[in-house]
Amino acid sequence: MKAKGYVALVLNAHLPFVRNPENPTFLEERWLYEALSETYLPLLRVFRSLENDDIPFKITLSISPTLGSMLGDALLGERYLAYLDMQIALGEREAARTVGDPVFGPLSEMYLELYREDRRDFAEHYSRDVLGAFDYHFKRGRLELLTTAATHAFLPNFRLVPESLSAQIETALVSHRTRFGKQPAGIWLPHLGWYPGAEELLKSYNLQYSVVTTRGALLGEPLPKSGSFEPVQCPNGFTIFVRDAAATEAVWADRTGYPADPAYRDFYRDIGFDLPEHDISPFVPGGGGAVYTGFKYWAVTGRTANKRPYDRPAAEAKALEHAVSFLDGRQEKAGAVAQSLDRPPLMVCPYDAELFGHWWFEGPLWIDALFRNARERELQFVTLGEYHHLYPESQISTPEFSSWGDGGYGEVWLDGSNDWTYRHIFKICERMTELAERFPNESGLRERILNQAAREVLLAMGSDWPLLMRTGRSSGFARQKVEEAIGNFGRIYDMLSANTVATEWLTRLEKRNNIFPQMNYRMFRRKR
Amino acid sequence: MTTENFESLSDPDLRAIADRMGLGLPADLDRIFVVEEIVESLEEDRLERDRGTEAPLYVEDAKYWCRDDGDVRLADSPPKLETRYNETAVRALVRDPSWAFALWDVSETDRSAIEAAGEDARLFLRVAEIDARDGGKPSFFDIPVSVEDSQWYINLPHPEARYRIDLAFRSDGKVRSLARSLEFVVPRQFMGESAIPPDSRRLLELSGIDDLAIEPAEEDNPSRILRSGA
């Protein structure tokens, strides 16, 4: 069936680098374990199921270098198994606690089985190699893998330190090639953060395309005549895909998006807060405090504290209904614009991967249903690369500075909660370039220390930290992570200035922040 | 930007800001009330944005939830960061169509020079619009700062204009620039004035242009509050 419209589902899988070897029960490492259990492994199960049923699927997936590093880390893999064992133990305790209860008994059994399935998949089916599992589908053309900035830095805010921007991109590409054996053709801009001029940087690394917001594109010069239904090209040929606002709204709108439906599982209500602390503490690293356990027995219900118990069959039916509704919406839109275009319209739907499963528990089911119900339609799912191959030329236009953050520009990553970081981060960026210029041909211990300095600079630039400072969630942790990276760099800078090296400290730091093993500090040199 | 900073702007610049914000103020309104209206509406905007929940960030935030409080201590206590780097420099980072963030430092040598210049010596930021849009003389406005200040949000009168910021001090009627930022261009908030081709109108509507509030208003701007980045 000839396509009357294209749909590109684009997912960004990202978590900041959090790895604390000294502390086997470091709570923030659970960000990774929860995303593995609730998003990455469930998505892989969807892919496996679609493959088994010969259902074609196409997804563009960005795996951030920080997440890739953690997914490939043996220590974190070992700790994830320990986490799963603890979750299974909690599930068994919950199953015993709710045995005979017709409402909550089946729900505790559901979670117990999910964690057991995660353990089987991770330990046995994928032999702890989750990246390899994504690569399997990449090699078969179902997934297109993109990269993003090395530590997911919000790029527009680092225009003043171009060498560090280059290092973000170059490190990401090296990291991607090492993991997947291939240069990515496209890049995910963290938070869709774009600025005019980014195209020169990205094209210089042979990257060919990315995605921006509708606002950024429509404010571009000249006006994109096809709206968001075709990409545009910067004068240097770099292609910009445009986010489809309606598709975004359908999934992502706070109060009206699909995940807000009363039938779906509520994210916030968790036994970690509902049960007495002494019931939960045996299953919490470190033993104390209220935490999210992942065992959530209630439905969204509505804007009320009186939640209804979660009804899994009803939620599954709703996910199918919403998948059909999404396809109907895109098909209707494609029909409405087709006659105004000289090619089938493209609707680009970019989301955070962790939306699916972690936040929207039924999200993976929705994705599964999308592809199963798309077959008999005049819509065709494509990857960004496939579309770019089909239509390499587009209207010339350069988007305006933009992001998907509040306000549409850069205020999420630059406000009163986080602006203090920039003074220090700009300084260490400049000093890193100074070091790379002063010591261009080092080897041995001095090369090691320069490479570690480069890692610390990149870690300080991550966009997660200012975001968390703004939202207030884990803001103390975010502040410490930035201070730690700046402090580590400062100590290295002082050591190099004094021509001394604290070898034991350096070795410990290299072991803790072992990200980017192929780091080459010289990428911070000025481009000539 | 505080009331005092707005008060330091010229009448045309104040009017330009008020117009861009769609305040619809009477032409003969005294400048003191113009400033008041601007400050109040900026505060309203801020509160409005704070009340709204931006869905992408809502979801992004959720992946970091694992405990109810945010306090955790890392293995090594983070170091105390330097507050200044003993350099004289000013940097400017544009944030959105209305605001730029300036951060600066003054070296010990320059601090001493300012202090030695006497009590009348005044440090200030000179915000210069480089390529004046009407082709006239480049314009600028000054923002007084103290030696202890080190950063400031600056409300910029004209979107799409090119600016730079000088860290300067005035003594004995003479102005001396201590440092100069790189130039930066303020992003546009509204599309250009040229009419949308009829063929594109429907495509843009179906792309959601009406919800973005980025079309220039004919008489006044009906939506001065920035909308989410759809």
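Reply: Start with pairing: two strands pair if DSSP finds at least two bridges between them. This is a predicted model, so the terms apply to predicted coordinates. In chain B, β3(B) and strand β4 (residues 139-145) are joined by 7 bridges in the antiparallel sense. The cut-off is at least two bridges, so β3(B) and β4(B) count as paired.

Me: What makes β3(B) and β6(B) a pair?

Reply: The bridge count again. Strand β6 (residues 162-171) of chain B runs antiparallel to β3(B), with 8 bridges between them. Leu125(B) stands opposite Leu167(B) in β6(B).

Me: Which face of strand β3(B) is covered, and which is uncovered?

Reply: Leu123(B), Leu125(B), Val127(B) and Glu129(B) form the covered face of β3 (residues 122-129). The uncovered face has Arg122(B), Phe124(B), Arg126(B) and Ala128(B).

Me: How many residues of each chain count as buried, as a percentage?

Reply: In chain A, 55% of the 528 residues are buried. In chain B, which has 7 helices and 8 strands, the figure is 29% of 230 residues. The test for buried is 20 or more other C-beta atoms within 10 Å of the residue's own.

Me: What share of contacts joins residues at least 24 apart in chain B?

Reply: In chain B it is 57% of the contacts between residues at least 6 apart in sequence. For chain A, residues 24 or more positions apart account for 78% of contacts with a separation of 6 or more.

Me: How many residues does each chain bring to the contact between A and B?

Reply: Chain B gives 56 residues and chain A gives 79. On the chain B side, the elements with at least two residues each are α4 (55-62), β1 (89-94), β2 (99-105), α6 (198-206) and α7 (209-212). The largest share, 8 residues, belongs to α4(B). By type, the chain B side has 32 nonpolar, 8 polar and 16 charged residues.

Me: Where do the domains of chain A lie?

Reply: The assignment gives domain 1 (5-70 + 142-257 + 318-396), domain 2 (73-128 + 266-309) and domain 3 (415-524). The centres of domain 1 and domain 3 are 29 Å apart, over C-alpha atoms.

Me: How many residues of domain 1 of chain A are in contact with domain 3 of chain A?

Reply: 28 residues of domain 1 are in contact with 21 residues of domain 3. On the domain 1 side, α2 (65-71) and α6 (162-180) of chain A each give two or more residues. The largest share is that of α6(A), with 10 residues. That side divides into 12 nonpolar, 12 polar and 4 charged residues.

Me: What covers the buried residues of α6(A)?

Reply: The cover includes α2, α5 (130-139), β3 (143-148), α7 (198-204), α15 (420-438) and α16 (444-460) of chain A. Among the buried residues are Leu165(A), Ile169(A), His176(A) and Arg179(A).

Me: What makes α15(A) mostly covered?

Reply: The count: 14 of its 19 residues are buried. α15(A) reaches 28 Å end to end, close to the expected 27 Å.

Me: Why do β5(A) and β10(A) stand at the edges of their sheet?

Reply: This open sheet of 4 strands has the order β5-β7-β6-β10 in chain A, with mixed pairing. β5 (209-212) and β10 (395-396) each have a single partner strand, so one side of each lacks a neighbour in the sheet. Strand β6 (residues 232-233) of chain A pairs with β10(A) in the parallel sense over 2 bridges. There, Gln233(A) has Ile396(A) as its bridge partner.

Terms used:
Residues numbered from 1 in each chain as written. Chains lettered and ligands numbered in written order. Predicted model: local features only at pLDDT ≥ 70, side-chain atom pairs only at ≥ 80, totals over all residues. Buried ≥ 20, exposed ≤ 12 C-beta atoms within 10 Å, placed from the backbone. Contact = placed C-beta atoms within 7 Å. Nonpolar A, V, L, I, M, F, W, Y, C, P; charged D, E, K, R; others polar. Domains from an automatic or database assignment. Expected span 1.5 Å × (residues − 1).
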